[in-house]
2 protein chains.
Amino acid sequence: MVTQAQSRNWPPVIQALEAAVGRDQVVRRREELLVYECDGLTSYRQRPAVVVLPRTTEQVAAAVAVCHRFDVPFVARGAGTGLSGGALPLADSVLIVTAMMRQIEVDIENQRVRVQPGVINHWVTQAVSGAGFYYAPDPSSQSVCSVGGNVAENSGGVHCLKYGVTTNHVLGLTLVLPPGEVVEVGGKVAETPGYDLAGLVVGSEGTLGIATEITLRILKAPEAVQVLLADFTSVEAAGATVSDIIGAGIVPAGMEMMDNFSINAVEDVVATACYPRDAAAILLIEIDGLAAEVADNSERIRAICDRNGARQVTVAVDAEERLRLWKGRKAAFAAMGKLSPDYYVQDGVIPRTQLPQVLRDIEALSQRHGYRVANVFHAGDGNLHPLILYDNSVPGQLEAVEDLGGDILKLCVGVGGSISGEHGIGADKRCYMPAMFSAADLETMQWVRQAIDPKRLANPTKIFPTPATCGEAARAQAQAHFPQVERF
Amino acid sequence: MVTQAQSRNWPPVIQALEAAVGRDQVVRRREELLVYECDGLTSYRQRPAVVVLPRTTEQVAAAVAVCHRFDVPFVARGAGTGLSGGALPLADSVLIVTAMMRQIEVDIENQRVRVQPGVINHWVTQAVSGAGFYYAPDPSSQSVCSVGGNVAENSGGVHCLKYGVTTNHVLGLTLVLPPGEVVEVGGKVAETPGYDLAGLVVGSEGTLGIATEITLRILKAPEAVQVLLADFTSVEAAGATVSDIIGAGIVPAGMEMMDNFSINAVEDVVATACYPRDAAAILLIEIDGLAAEVADNSERIRAICDRNGARQVTVAVDAEERLRLWKGRKAAFAAMGKLSPDYYVQDGVIPRTQLPQVLRDIEALSQRHGYRVANVFHAGDGNLHPLILYDNSVPGQLEAVEDLGGDILKLCVGVGGSISGEHGIGADKRCYMPAMFSAADLETMQWVRQAIDPKRLANPTKIFPTPATCGEAARAQAQAHFPQVERF
């Protein structure tokens, strides 16, 4: 699928980029560009024309200004772990990679941290844990993904049930606008007047500019943490347990579900010996807070599990036991990689109350399409992550799997959910946007985009469906395919 | 200060408005327009040319389309309780009042409520309390302010320390754009892809359109609630207590401070007999959650108060006792109204750690300017509400008080804070915006505004400083007055 750069006259652009950021921070040799061909959505690949590796806001601004001057599209990339192709280059583009922007400034007194976008998510917690703090959003990829990418995709994670996603933790940003100007959006305190442009930028997938410094709020580490593992002989019982826990007014830090297929996949590969292979589903429930609060919640949750027919509830109190219980969940995606040459992760949201029905429907779709689907997901906030196993080397399988993925999204939208929980739209799901938004709704977003990026150079092919990428026909089809979401 | 409507040819506009919403929903008699002359910022007054009272989204859209067609500015108004003049009409404007839009649809299963903008804040909680839920943002005016106004100003309240401000509780909006088109922004679940336009609209003070239906999330009512009243012989000790409680990882539902002047004002007027008149400051701390959690937090807070030299800590457990402790705080603004013909409420934010110093500085400013300042505020999130007492009938006092208010904002910005915590910028503080934002930062907001409202008809004189309203000189002065906020 790799196409060649269009017949642009690149030498003057590259010369200007070298002047902007320094010659040693520009990558142009074909073999060195290979590594930038895709992000975590490996089924889409495209080599960029040139890569720049700035170190400062000024260098990013200078590189972006070059793009603006020469009308060259640019795509920002952090660690390249995104799952929707948000950092997928265009053939005719400059890829601006923030991997060398890794400074962290800690301000414990005001409970905030200022980072460059290339800082790895987990480093933020490492930088403040000595003082008893942590950074809450924790994508599964937190040991390798960058904060800049998290900001672009408004990333979530296991603990977002209680603590919210990235946007709830970003106080302000230094933003390089697509014409190359530098502005500050948001601030250093939560209450900033005027339009919430920081909130607008978070989750805009690099289409409104590049965040070059990010002020994050950090939280006090909880006094006590427990993890409970409950196993069930039916998915319904596990789903009802999730609803009952939230309904009781308890907000666990995280509440994850794994189905029987995932349990066995994980046990086959990493052999945790914690997860019962004959369970229909397990729940991993992490609770945190003051010791008394955790003890009390723990008892209540156990009672709710019992009432819903859990066969066993294992409680892990110390750090080592907790890690043991989490190990299988953390290894789940990797386990799929060992069971199957490729897997496609879908990311949809449903109302929690619909869990059992939607999981049954996914199973039926899996059988109808003939591909195995493993369900490992954030049950507490109804954020599904069906993993569809396939073999990309077999012609037609990728397309078939994307069809199945689309059918799963249809399920989500049909029950009042969303086509993305935390992975973003990127290149992968833009053709499904008309399922959630009317033409006028999307146009309003485009007006805003046009205001910030009049030349449409910032990651231009992402998020929004276009006739060129989705086709008018495809768009009409998506609208027909998805029953119009009934307005409240 | 009331000026006359410009020499526009109003009859055809009014005729079109009558056709749009019905003749009985258009107000044009001068004496009936009087009531719409100001909002809660009573020092600014302006009679609108005409008032419309729509009942539905379609009627709002039709009225806005008329304004668009005739190039007439329009201002939206909810209950008119805002404190920054956000709903202040222009002489040449149509005032669109949402007071007749008061429908509520409850969806307990999905923990959300859909309301029209004229619904009173407190009605939301009343509509769901039977099912054990409540709506968290609780401005002091919650028994009279409207959800539409809360959305426009991104209102806060006592419980926003733990639960966040309005934007954290709005899932989606039906929005009438300034050209009269209707779009949906956000959605019915928290995770909605694309640009966060709902977040952009919340707090935009009516400059990006009019929200005509609002989906709010509701929260499970806590099992237990306690209120602690602690009294201190120094403001420093009270401030240190606030920092220590947060530093211990406790997040109270609310944590309010009142200074000696406020305590005595309240006792003079409402005689609660709860607040010690000789205290330098009192803290009112509300904690909520599970019973065990509340009991544990209560003990810890008491210990922290003791360590900081609190003379006494009173704990209110049942609803009646809690109300008794809150009564004085809730009556504080009204008490000022009995002590002084007028008062001006400032709204600034500072880092919590700066509380004692900033309160000393406010006292010094109060003495220098010769006006009494009472401090009653959300101490937990550093959101100050200095109440400046004055007499508007004495020429020059309003201007002098606005000067003092400006000096207080200077203090806030100087320590790294903000010029507004929850009341918005409105008509009142637009000339201070350059203290927090560079020209480029403000211009970026204006681009967004221009994209949504190309004719600049939606509440056109609010939020942003203009040479016409602030004067280039005033703007330069504001910039000189406020030392440039040091970038992190």
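Q: How many residue pairs are in polar contact between domain 1 of chain A and domain 2 of chain A?
A: This is a predicted model, in which local features need pLDDT of at least 70, side-chain atom pairs count only at pLDDT 80 or more, and totals for chains, interfaces and linings use all residues. Residues are numbered from 1 along each chain as its sequence is written, chains are lettered from A and ligands numbered from 1 in the order in which they are written, and side-chain values use heavy atoms, with hydrogens and water left out. A polar contact is a pair of N or O atoms within 3.5 Å, where within protein one must be able to donate a hydrogen and the other to accept it, and residues adjacent in sequence count only if both atoms are side-chain atoms. With both residues at pLDDT 80 or more, the count between domain 1 of chain A and domain 2 of chain A is three.

Q: Which element gives the largest share of the side of domain 1 of chain A that touches domain 2 of chain A?
A: Among helices (H or I, at least four residues) and strands (E, at least two), which are DSSP runs numbered from the N terminus, α3 (57-70) and β3 (74-77) of chain A each supply at least two residues of this side. The largest share, six residues, comes from α3(A).

Q: What is the area buried between domain 1 of chain A and domain 2 of chain A?
A: Buried area is the accessible area (1.4 Å probe) that two parts lose on being put together, summed over both. Carbon and sulfur atoms give 66% of the total, which is about 1200 Å².
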